[in-house]
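Here are some notes for you, colleague to colleague, to read with the model open beside them.

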Amino acid sequence: MAILDLKYYGASVLTRPAKPVKRIDRELLKLAQDMLESMYHYHGVGLAAPQVGVSKRMIIVDCGEEYQEEPYILINPEVVSAEGKQFGPEGCLSLPEFFTDVERPDKVVVEAMSLEGKTIRINGQGLLARALLHEIDHLNGVLFTELVSDEEVLANEIPVMKDRIRKILSGELPAVPEYEEDIELEDRVAVEA
Ligand SMILES: [Zn+2]
């Protein structure tokens, strides 16, 4: 397994639709394992293949025991239905340390293929719904900044984030942020996907 480099805001792979997976082969299985390891490494609750530079429709989601018994590795996921509303903080591993409130449906049903090639259906609520929708958006080339209605937040925060990305890419800042307290880490990673 390997830790993969993240693609950040500004990378073209993040703003174009990813291609459907046609075949579950060894290469895809390895990508899934590497994505899983990378997601935990960067303290995310989700990761989409375009975020590691692979334009394929595969996502990983692990919101923890409260939401799921094991990590989801989903191929060609589709939102079957969405209902309700939640409004809360969201973050993205490709948009380092940019957190803001975003409205999402509160409940979703997602259908996808497992690594074994079986069709699976997942009911997600709360954080799990948010993470599934966030990752599926990535497959459509959509970043959560598109859901932010407060123009002022974007105008203020995006330049700061771009500067942070520049520093990460040049090695001035670590790719995995160092937080002062664990408790803060818990709070912040809870929504980063
Ligand atoms: Zn993201």
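1. In the chain, 69% of the contacts with a separation of 6 or more are between residues 24 or more positions apart. Two residues are in contact here if their C-beta atoms, placed from the backbone, lie within 7 Å.

2. What kind of model this is. The model is predicted: local features need pLDDT of at least 70, side-chain atom pairs count only at pLDDT 80 or more, and totals for chains, interfaces and linings use all residues. Residues are numbered from 1 along each chain as its sequence is written.

3. Overall fold. The chain has four helices and seven strands, arranged along the sequence as α-β-β-β-β-β-β-β-α-α-α. Its radius of gyration is 16 Å, close to the 16 Å that the globule rule gives for 193 residues, so the chain is as compact as a globular protein of that length. The radius is taken over C-alpha atoms, and the rule is 2.2 Å times the number of residues to the power 0.38. Along the principal axes, the C-alpha atoms fill a box of roughly 45 × 35 × 35 Å. Helices (H or I, at least four residues) and strands (E, at least two) are DSSP runs, numbered from the N terminus.

4. Burial. Of the 193 residues, 34% count as buried. A residue is buried if 20 or more other C-beta atoms lie within 10 Å of its own, exposed if 12 or fewer, and partly exposed in between, with C-beta atoms placed from the backbone.

5. Helix α1. Its 16 residues should span 22 Å at 1.5 Å a residue, and the end C-alpha atoms are 22 Å apart, which agrees; the expected span is 1.5 Å times one less than the number of residues. The buried residues of α1 are L31, A32, M35, S38 and M39. Seen down the helix axis, they fall within an arc of 135°, so they line one face; the arc is that of the directions from the axis to the C-beta atoms. What covers these buried residues includes β1, β2 and β3. The face turned away from the buried side carries the exposed residues R26, L29 and K30.

6. Helix α2. This helix covers residues 127-139, with 13 residues and a reach of 19 Å from first to last C-alpha, close to the 18 Å expected.

7. Strand pairing. Strands pair if DSSP finds at least two bridges between them. β2 and β3 run antiparallel and are joined by four bridges, with M58 opposite I75 in β3. Six bridges join β3 to β6, also in the antiparallel sense; here S81 has V109 in β6 as its bridge partner. β6 (residues 107-113) and β7 (residues 119-125) pair antiparallel over seven bridges, and K107 has Q125 in β7 as its partner. These two strands form a hairpin with five residues between them, and G117 in the turn has a positive phi of about 85°.

8. The nonpolar core. A nonpolar core is a set of buried Ala, Val, Leu, Ile, Met, Phe, Trp, Tyr and Cys residues joined through C-beta atoms within 7 Å. The largest one has 43 residues, of which M35, I59, I60, V61, A131 and L132 touch the most other members. Two or more residues each come from α1 (26-41), β1 (46-48), β2 (58-61), β3 (72-83), β5 (95-104), β6, α2 and α3 (151-170). The largest share, eight residues, comes from α2. Leaving aside residues up to four places away in sequence, L132 touches V61, V108, V110, I122 and G124.

9. Two backbone angles to look at. Most residues other than glycine have a negative phi. H43, in the loop between α1 and β1, has a positive phi near 60°. With 16 C-beta neighbours inside 10 Å, H43 counts as partly exposed. E97 lies in strand β5 and has a positive phi of about 65° although it is not a glycine. E97 also counts as partly exposed, with 16 C-beta neighbours inside 10 Å.
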